[in-house]
Amino acid sequence: TSEVSTFDQKLLGLPFPMVVDSNFHDLAEAALTVLGSVVCPLNTDEDTVVRSEALAGERIFIKLRDDLQLGAPAITIDQLRIRAQENTALFSLIKANASKGPVLFYGFSPRDPFLEWMVNFLSPLSTTAILATQVTNPLWRKYWSGRGFEVLSAGTHTDLEDKILRLMDDV
């Protein structure tokens, strides 16, 4: 848990009822553990059959690409498409929650083809979609703004974290 930064703890400590993690590492899970958050992990349609809603005090936690060690991870866009086809209930749940918000999508880059696929799959997004990322190219900002995102960006990860932390303190 020493890898979990204060920033990740504060970000994942925000009361999003659903967290969708696109990373292969387990930083989001580690942060939620450090925070003492109780999660309802959903990774396949079988999980949604058992329970598709979080109980009181729980948050839904989804590893978008599945578990790297225990599952069948989606490394390519084609594998993610197949994963979505094989787990229609899980991906319908993500889409339903994303359309009404709020959902924290954790671990995307503006150049990430998975982000492009997710935006196309999930459209329309809730009324407030925020993309917080390190981006120095104004064309990326313009592109994602045109896709319906409020873009929060900075030139370095540290500057971006500081900007987001200031916004969280204001909320």
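Biologist: Which residues does Asp-8 touch, not counting residues up to four places away in sequence?

Modeller: In this predicted model, Asp-8 touches Gly-13, Leu-27, Ala-31 and Tyr-106 once residues up to four places away in sequence are set aside. Asp-8 itself is found in helix 1, which spans residues 6–13.

Biologist: What is the nearest side chain of opposite charge to Asp-8, and how far away is it?

Modeller: That side chain is Arg-59, 11 Å away. Asp-8 is buried yet has no salt bridge, because a salt bridge requires a side-chain nitrogen of Lys or Arg within 4 Å of a carboxyl oxygen of Asp or Glu. The side chain of Asp-8 does make a polar contact, at 3.0 Å, with the side chain of Ser-5.

Biologist: Where does Asp-112 lie, and is Asp-112 buried or exposed?

Modeller: Asp-112 is placed in the loop between strand 4 (103–106) and helix 6 (113–122). Its relative accessible area is 13%, so Asp-112 is buried. The side chain of Asp-112 reaches the backbone nitrogen of Phe-114 at 2.8 Å. With neighbours within four places in sequence left aside, Asp-112 is in contact with Arg-65 and Gly-107.

Biologist: Which ring does the charged end of Arg-65 sit over?

Modeller: The charged end of Arg-65 sits over the ring of Phe-114, 3.5 Å from the centre of that ring. Another case involves Lys-95, which lies over the face of Phe-121 at 5.6 Å from the ring centre. Phe-121 also belongs to a cluster in which ring pairs link Phe-91, Trp-117 and Phe-121.

Biologist: How is a pair of aromatic rings described, and how many aromatic pairs does the structure hold?

Modeller: The description rests on the distance of the centres and the angle of the planes. The structure holds five aromatic pairs. One of them joins Trp-140 and Tyr-143, with 6.2 Å centre to centre and 90° between the planes, and is edge-to-face. Both residues lie in helix 7 (residues 138–146), three residues apart, about one turn of the helix.

Biologist: Why is the pair of Tyr-143 and Trp-144 edge-to-face?

Modeller: The planes of Tyr-143 and Trp-144 stand at 85° with the ring centres 4.9 Å apart, so the pair is edge-to-face; the angle required is over 60 degrees.

Biologist: What is the relative accessibility of Trp-140, of Tyr-143 and of Trp-144?

Modeller: Trp-140 has 26% relative accessibility and counts as partly exposed. Tyr-143, at 34%, counts as partly exposed. Trp-144 has 1% relative accessibility and therefore counts as buried, since buried means under 20%.

Notes: Residues are numbered from 1 along each chain as its sequence is written. This is a predicted model: local features need pLDDT of at least 70, side-chain atom pairs count only at pLDDT 80 or more; totals for chains, interfaces and linings use all residues. Side-chain values use heavy atoms; hydrogens and water are left out. Rings of Phe, Tyr and Trp (its six-membered ring) pair if their centres lie within 6.5 Å; planes under 30 degrees apart count as stacked, over 60 as edge-to-face and the rest as tilted. Helices (H or I, at least four residues) and strands (E, at least two) are DSSP runs, numbered from the N terminus. Buried means under 20% relative accessible area, exposed over 50%, partly exposed in between (1.4 Å probe, protein chains only). A charge sits over a ring if NZ of Lys or CZ of Arg is within 6 Å of the ring centre and within 35 degrees of the ring normal. Lys and Arg count as positive and Asp and Glu as negative; His and the chain ends are not counted. A polar contact is a pair of N or O atoms within 3.5 Å; within protein, one must be able to donate a hydrogen and the other to accept it, and residues adjacent in sequence count only if both atoms are side-chain atoms. Contact means heavy atoms within 4.5 Å.
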